[in-house]
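The following note sets out points for a colleague who has the coordinates at hand. Each point concerns one region of the structure.

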Amino acid sequence: LKVEHPKFKYEIHIPKRYPFYAPKIIVPRQQHTISLYSVVDRDIYSLILEESWTPKFTLMNIIDKTNTFLQNNIKSLTKKSSKFAGIDLYQFFSVLNSIRSSTYAINIVVLVALCARAAVGIGGYSGAQNPPMYGDYEAQRHWMEVTTQLPMEEWYTQTRENDLQYWGLDYPPLTAYFSWVVGYFSSLYDPESVALYSSRGYESDSHKTFMRLTVLISDIIFLITALIYFFEWCYFRVNTQIRQIALLITLLTPPLLLIDHGHFQYNCVMLGLTIWSINMLFHHEIVMTSLLFTLSLNYKQMALYYALAMFFYILALLWNKSGYTAKRYGRDFQNLPWG
């Protein structure tokens, strides 16, 4: 049943077992003026009928309640307030709404995020040309120097060649391996940048650009891909435009931009691995979740912030009768494939 109102249109889908089953109210995808919390492409009859459906409801009752619900929500969005200064979020992102292909919209979101990251990289950073420590850039450059020029057993050891008081490696081993990989390409691009001893305080513009690009590439590989998967797959039932707005807002979070792309940090690797582990939780892939989160912990210990929640969530999956492990292996831990 199609209903046309002067301000909106919607459809009432009546099930075969009506009136014993509630009908579904579907709002067309083109109408994004309902509510940020109303999920388009999904029935919203429970919101409209306030979960009070009974067979006594007539079609006129349903239409009246739906009209009232939509009318109230449209008013709440269009009403100007001092807090939002009358800004309509959907109008602000109307360019995304006008794009039919979700892939193109995501490409635009990622392009905007990359431009913002590149713009941050144009600015300065703490400690530039300030001896004796030279700041954030020097810390990352020195770790590449240590990992490429010294044997592995000396990376975390105080030796004559490795002074731990001068930007000694203070992150878990995966950070050291990552620095070794980046340092290898740095030695090919600019050998002087990782020369032992003589490279201290090295601050060429070309190598800074190289470092900025390595942060950007790492961000794309680990964090941006993880967030795209999170919003596009894990929340695929949510309105496409809302997912794209959430993705853009997350990618433009100031700490992600300023710390990593302003100060040559690689927190995006740790965050990306953590989000990928969360993505795997949606599939109940406990082994992959554990592996990815362990890699995150071994990259930066800041992932410990999420460890407690991750531990109890995985534990709940293991012990829940309807969970992944109970269905497949039973509740006896001896039956687990890794037990």
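1. Glu-138 and Arg-141 are both buried in this predicted model. For Arg-141 the assignment follows from a relative accessible area of 0%, since buried denotes under 20% relative accessible area. The side chains of these two residues form a salt bridge, with an N to O distance of 2.8 Å. Because Glu-138 and Arg-141 are 3 residues apart in helix α6 (residues 136-149), about one helical turn separates them.

2. Arg-141 also forms a salt bridge with Glu-145, where the closest N and O atoms are 2.9 Å apart. Both Glu-145 and Arg-141 belong to helix α6, and their spacing of 4 residues is about one turn of the helix. Glu-145 has a relative accessible area of 1% and is therefore buried.

3. How many salt bridges does the structure hold? The count is 5. One of them joins the side chains of Arg-160 and Glu-161, at 3.5 Å from N to O. Arg-160 counts as exposed because its relative accessibility is 74%, whereas Glu-161, with a relative accessible area of 25%, is partly exposed. As for shared partners, salt bridges link Glu-138, Arg-141 and Glu-145 into one network.

4. Where does Gln-265 lie? This residue is in the loop between α10 (254-262) and α11 (267-282). Its relative accessibility is 13%, so Gln-265 counts as buried. A polar atom of the Gln-265 side chain is 3.0 Å from the backbone oxygen of His-263.

5. When neighbours within four places in sequence are set aside, Gln-265 is in contact with Asp-136, Gln-140, Val-215, Ile-259, Asp-260 and Lys-300. Among these contacts, Asp-136 and Gln-140 fall within the range of helix α6 (residues 136-149), the helix that also holds Glu-145 and Arg-141.

6. A separate point concerns the β-structure. Three strands form an open sheet in the order β1-β2-β3, with antiparallel pairing. Strands β1 (2-4) and β3 (24-26) stand at the edges; each has a single partner strand, so one side of each is left without a neighbour in the sheet. From one strand to the next, the twist averages 25 degrees.

7. The pairing can be followed residue by residue. Strand β1 pairs with β2 (residues 9-13) in the antiparallel sense over 3 bridges. In this pairing, Lys-2 stands opposite Glu-11 in β2, and Glu-4 stands opposite Lys-9 in β2. Strands β2 and β3 are likewise antiparallel, and their pairing comprises 3 bridges. Here Glu-11 is placed opposite Ile-26 in β3. Glu-11 thus has Lys-2 opposite it on the β1 side and Ile-26 opposite it in β3.

8. Which residues form the covered face of β2, and which the uncovered one? The covered face consists of Tyr-10 and Ile-12. Lys-9, Glu-11 and His-13 make up the uncovered face. Two residues of that uncovered face, Lys-9 and Glu-11, are the ones named above as standing opposite Glu-4 and Lys-2.

Methods: Residues are numbered from 1 along each chain as its sequence is written. This is a predicted model: local features need pLDDT of at least 70, side-chain atom pairs count only at pLDDT 80 or more; totals for chains, interfaces and linings use all residues. Side-chain values use heavy atoms; hydrogens and water are left out. Buried means under 20% relative accessible area, exposed over 50%, partly exposed in between (1.4 Å probe, protein chains only). A polar contact is a pair of N or O atoms within 3.5 Å; within protein, one must be able to donate a hydrogen and the other to accept it, and residues adjacent in sequence count only if both atoms are side-chain atoms. Contact means heavy atoms within 4.5 Å. Two strands pair if DSSP finds at least two bridges between them. Axes are lines fitted to C-alpha atoms, for helices over the stretch in contact, and angles run from 0 to 180 degrees between N-to-C directions. A salt bridge is a side-chain nitrogen of Lys or Arg within 4 Å of a carboxyl oxygen of Asp or Glu.
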